[in-house]
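Open the model in your viewer and keep the selection panel at hand.

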Amino acid sequence: MSADTKELRGDAPTELVTALDALALAKDLTRHAYVVEVLSAHVNRELLRHIVETNALRGNPLLAALSRHRSDS
């Protein structure tokens, strides 16, 4: 992970924050460290999913058409 950082801040429902605090406490982490861990895992799963999709669809005309459509936007 890059040494560069950005602040991540925002309001969330009290019930969610309470649950995050409990889960972080169970792992002996701060809320922030736990949220970064969860978000990092989520991003890694999503990126892997997109890589698999792209590789599986390589050569499929629908993927090529979608790529052209995105570049036109």
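The tour below starts with the overall fold and then moves to individual selections.

This is a predicted model, in which local features need pLDDT of at least 70, side-chain atom pairs count only at pLDDT 80 or more, and totals for chains, interfaces and linings use all residues. Residues are numbered from 1 along each chain as its sequence is written, and side-chain values use heavy atoms, with hydrogens and water left out.

**Whole chain.** Show the cartoon: the protein has three helices and zero strands, counted as DSSP runs numbered from the N terminus (H or I, at least four residues; E, at least two). Its radius of gyration, taken over C-alpha atoms, is 18 Å, well over the 11 Å that the globule rule (2.2 Å times the number of residues to the power 0.38) gives for 73 residues, so the protein is more spread out than a compact globule. The C-alpha trace spans about 50 × 30 × 25 Å along its principal axes.

**Colour by confidence.** The average pLDDT (the predictor's confidence in each residue, from 0 to 100) is 91. Helix H3 (residues 61-72) has the lowest mean, 78, while H1 has the highest, 98.

**Select residues 14-26.** This is helix H1, with 13 residues.

Definitions and conventions:
Expected span 1.5 Å × (residues − 1).
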